[in-house]
Amino acid sequence: TRATKKTRNYDVKHLETAINTVLERKGTVILPCFSFSRTQELLTTLYDIYGVRSDFDTPIFIDSKLSCDICELYGNMLEGENLSKWNDVRNWGNVNFIVDKTESQSCIANDMPKIIISSSGFCTNGRVVGYLKKYIQDSKSMIIFSGYTGDNPSYLSYRIKNYRENRLIKINKEMFHNRADCIVLSTFSSHADINDLIKYGSSL
């Protein structure tokens, strides 16, 4: 589906409603996410939704060393209004950057309601796998994919998304009940759709 301003606004509102629902029931939101660009885009979107709300005190964790490094690089590369906006996002009091693996394990173990942005986007590896092992079994929590999730069951992201056919999911040779809610925000995807591919191929 081609992203338009209307469809993007719909997805942003969908994201806000989903997060509010999960937090009201004291659950955790997991956003499996690519480290480059997507993490920063989602974090900025969360800031646009909640940054002006004085009553929003839910912690947001960026848990990926690479994601944290790239967030730091953004501060060195952006200029002007973009830099000013990114500094507001990065210095937002709700945001916590996790680099150390021990701190990551402590965050997984902590049952407090929270929002996690962690790599990888397809859930094939990375620290997000640790969060999934715990929270995929929690019916109060939700996994939110921000784009393409793969096209076959070899992708863990695909199996989670298609939960009706995958009530039990194997993660690193362990079986887990697939009980968490799941939604997909397709307009955040950077994959070209069929029309874009045809147009590009025809121009070669």
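The model is a predicted one. The count of disulfides is 0, while the count of salt bridges is 11. Helices H3 and H4 pack with their axes 9 Å apart.

**Cysteines**

- A disulfide is a covalent bond that joins the sulfur atoms of two cysteines.
- The model contains 0 disulfides; Cys71 is in none, and the nearest cysteine sulfur to it belongs to Cys68, 6.3 Å away.
- Cys71 is buried, its relative accessible area being 1%.
- Cys107 is likewise in no disulfide, and for this residue the nearest cysteine sulfur, again that of Cys68, is 11 Å away.
- Cys107 has a relative accessible area of 6% and is buried.

**Packing of helices H3 and H4**

- Helix H3 comprises residues 65–77 and helix H4 comprises residues 80–90; the two pack at an angle of about 145 degrees.
- The crossing of these two helices, H3 and H4, is left-handed.
- On the H3 side, the contact is made by Cys71, Glu72, Tyr74 and Gly75; on the H4 side, by Leu83, Trp86 and Arg90.
- Sorted by class, the residues in this contact are 4 nonpolar, 1 polar and 2 charged.
- Cys71, one of the H3 residues in the contact, is the buried cysteine with 1% relative accessible area.

**Salt bridges**

- Side chains of opposite charge can pair when their charged atoms come close.
- The model holds 11 salt bridges, and one of them joins the side chains of Arg25 and Asp181 at 2.6 Å, N to O.
- Arg25 lies in the loop between helix H1 (5–24) and strand S1 (29–32), and Asp181 lies in strand S8 (residues 181–184), so this pair ties together parts that are 156 residues apart in sequence.
- Both partners are partly exposed: Arg25 has a relative accessibility of 26%, and Asp181 has a relative accessible area of 32%.
- Asp55 and Arg53 form another salt bridge, with their closest N and O atoms 3.2 Å apart.
- In this pair, Asp55 is exposed at 53% relative accessibility, whereas Arg53 is partly exposed at 30%.
- Within helix H3, Asp69 and Lys65 are 4 residues apart, a separation of about one helical turn, and their side chains meet in a salt bridge (3.1 Å, N to O).
- Asp69 is partly exposed, with a relative accessible area of 34%, and Lys65 is partly exposed, with 45%.

Definitions and conventions: Residues are numbered from 1 along each chain as its sequence is written. This is a predicted model: local features need pLDDT of at least 70, side-chain atom pairs count only at pLDDT 80 or more; totals for chains, interfaces and linings use all residues. Side-chain values use heavy atoms; hydrogens and water are left out. A disulfide is a pair of cysteine sulfur atoms within 2.5 Å. Buried means under 20% relative accessible area, exposed over 50%, partly exposed in between (1.4 Å probe, protein chains only). Axes are lines fitted to C-alpha atoms, for helices over the stretch in contact, and angles run from 0 to 180 degrees between N-to-C directions. A crossing is left-handed if the near helix is turned anticlockwise from the far one by less than a right angle, and right-handed if clockwise. Contact means heavy atoms within 4.5 Å. Ala, Val, Leu, Ile, Met, Phe, Trp, Tyr, Cys and Pro count as nonpolar, Asp, Glu, Lys and Arg as charged, and the others, Gly among them, as polar. A salt bridge is a side-chain nitrogen of Lys or Arg within 4 Å of a carboxyl oxygen of Asp or Glu.
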